[in-house]
Amino acid sequence: MNFNSRTKIGLGTWRMGESAMTQSSEIEAIEHAVTIGYRLIDTAEMYANGQAETLIGKALKNLGPSARSSLTLVSKVLPSNASTHGVIKACEASLRRLGCEYLDLYLLHWKGSYTFDQTIEGFLKLKDRGLIKHHGVSNFDVSDLKKWSDTEKLMGLTPSESSTTNQVYYSLSARGIEFDLAPHLAREKISLMAYSPIDAGELMRNKGLGMLAASLNITAAQLALAWAVRHANTVAIPKSVSKSRIEENWASKDLSLSPQTLAALDNLFPPPRAKTRLAVI
Ligand SMILES: NC(=O)c1ccc[n+]([C@@H]2O[C@H](COP(=O)([O-])OP(=O)(O)OC[C@H]3O[C@@H](n4cnc5c(N)ncnc54)[C@H](OP(=O)(O)O)[C@@H]3O)[C@@H](O)[C@H]2O)c1
């Protein structure tokens, strides 16, 4: 699927909906993100047992009928639900919670015990009914992705009907995918959706990153996000429930980093020199 400048930075929603005490401020945060221009929201049936999807549904209702069509809405099916029938049931439940008629992108959250053809068959049936527009995977390294793509080919899917996205952990502190997965995605024209792009907030503690960002008059989060989405067909989905941080993160989509800054970042966070196991959170 084609991401554009307005979907380069999306909103993550993991850990939203976990407490009744914070739900109204989380709904407001989602509304704020859409109001200031976010056009991509990432969620999953797993997050707070569906409550994150429910909060997004409430925010979209408050925003009014035109909000949904302007958004790219992404959700994920748990591996334990990834049988053909299970994928369909899980998607229907996600859509009920979201109060939406379709998902733009539906991902297998990670590989489980169901065979890939069973899951893909579920995605195809959902597409036939107009319940999802695109499908993809998450937490897939090169070998699994190749097997997944081979299965799609065997099932007769054309490139435009095949997986569009792999959502993986990618941040300055988790660069392992640059060794082979990221080049593979680029070759296969599969989008990279970077999760935990500011390392769940941990990167903010890095002194070197903070100093480099300050020298550029931007924040460490903005530098980390601008770096994460520096290549075409790559988007990042930072999560925040703070309106000011949502704005701060959004502004990073307009930053471009000089070769000197990229070199300084390579110095602080060296790129991989060998294959490493795919990092997951
Ligand atoms: N597919 C998968 O297996 C998978 C795994 C993990 C995550 N994800 C997706 O990716 C999204 C993002 O990942 P994540 O939530 O793990 O981590 P993240 O986006 O890297 O970091 C989120 C954390 O950083 C804080 N934060 C956000 N913006 C900040 C800023 N500008 N300055 C300082 N702190 C900031 C947030 O706190 P506040 O909310 O208080 O601002 C939160 O604690 C998730 O929400 C989820 O949608 C997918």
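How many salt bridges does a search of the whole structure find? The search finds 16 of them, a salt bridge being a side-chain nitrogen of Lys or Arg within 4 Å of a carboxyl oxygen of Asp or Glu.

The model is predicted, and local features need pLDDT of at least 70, side-chain atom pairs count only at pLDDT 80 or more, and totals for chains, interfaces and linings use all residues. Residues are numbered from 1 along each chain as its sequence is written, and side-chain values use heavy atoms, with hydrogens and water left out.

The helices and strands named here are DSSP runs numbered from the N terminus, a helix being H or I with at least four residues and a strand being E with at least two. Strand E2 covers residues 72–77, and six of its six residues are buried, where buried means under 20% relative accessible area, exposed means over 50%, and partly exposed lies in between, with a 1.4 Å probe and protein chains only. Both faces of E2 are covered, with Thr72, Val74 and Lys76 buried on one side and Leu73, Ser75 and Val77 buried on the other.

Strands E1 and E2 run parallel and are joined by three bridges, and two strands are said to pair if DSSP finds at least two bridges between them. Within this pairing, Ile41 stands opposite Leu73 of E2. E2 also pairs in the parallel sense with strand E3, residues 103–108, over four bridges, and there the bridge partner of Lys76 is Leu107 in E3. Together with helix H4, residues 84–98, strands E2 and E3 make a right-handed β-α-β unit; a crossover is right-handed if, with the strands pointing away from the viewer, the path from the first strand over the helix to the second runs clockwise.

## Salt bridges

| Pair | N to O distance |
|---|---|
| Glu18 and Arg15 | 3.9 Å |
| Asp42 and Lys76 | 2.9 Å |
| Arg97 and Glu53 | 2.8 Å |

In the pair of Glu18 and Arg15, Glu18 counts as partly exposed because its relative accessibility is 48%, and Arg15 counts as partly exposed because its relative accessibility is 46%.

Asp42 and Lys76 form a salt bridge with the closest N and O atoms 2.9 Å apart. Asp42 lies in strand E1 and Lys76 in strand E2, so this pair ties together parts that are 34 residues apart in sequence. Asp42 counts as buried because its relative accessibility is 2%, and Lys76 counts as buried because its value is 0%.

The side chains of Arg97 and Glu53 also meet in a salt bridge. Arg97 lies in helix H4 and Glu53 in helix H2, residues 51–63, so the pair ties together parts that are 44 residues apart in sequence. Arg97 is partly exposed, with a relative accessible area of 25%, whereas Glu53 is buried, with a relative accessible area of 0%. Elsewhere, Arg175, Glu178, Arg230 and Asp266 are linked in a network of salt bridges.

Arg39 is found in the loop between helix H1 (23–36) and strand E1 (40–42). The side chain of Arg39 does reach the backbone oxygen of Val34 at 3.1 Å. Leaving aside neighbours within four places in sequence, Arg39 is in contact with Arg6, Thr7, Val34, Ser70, Leu71 and Thr72, where contact means heavy atoms within 4.5 Å.

## Ile30 in helix H1

Ile30 lies in helix H1 and is buried, with a relative accessible area of 1%. Not counting residues up to four places away in sequence, Ile30 touches Leu11, Met16, Ile41, Leu55, Ile56 and Ala59. The C-alpha atoms of Ile30 and Lys58 are separated by 9.5 Å, although these residues are 28 residues apart along the chain.

## Two residues with positive phi

Asp199 has a positive phi of about 55 degrees although it is not a glycine, and its place is in the loop between strand E6 (191–195) and helix H8 (207–215). Ala200, in the loop between E6 and H8, has a positive phi near 55 degrees and is likewise a residue other than glycine. Asp199 counts as buried at 13% relative accessibility, whereas Ala200 counts as exposed at 66%.

Methods
Polar contact = N/O pair within 3.5 Å; in protein donor to acceptor, adjacent residues only side chain to side chain.
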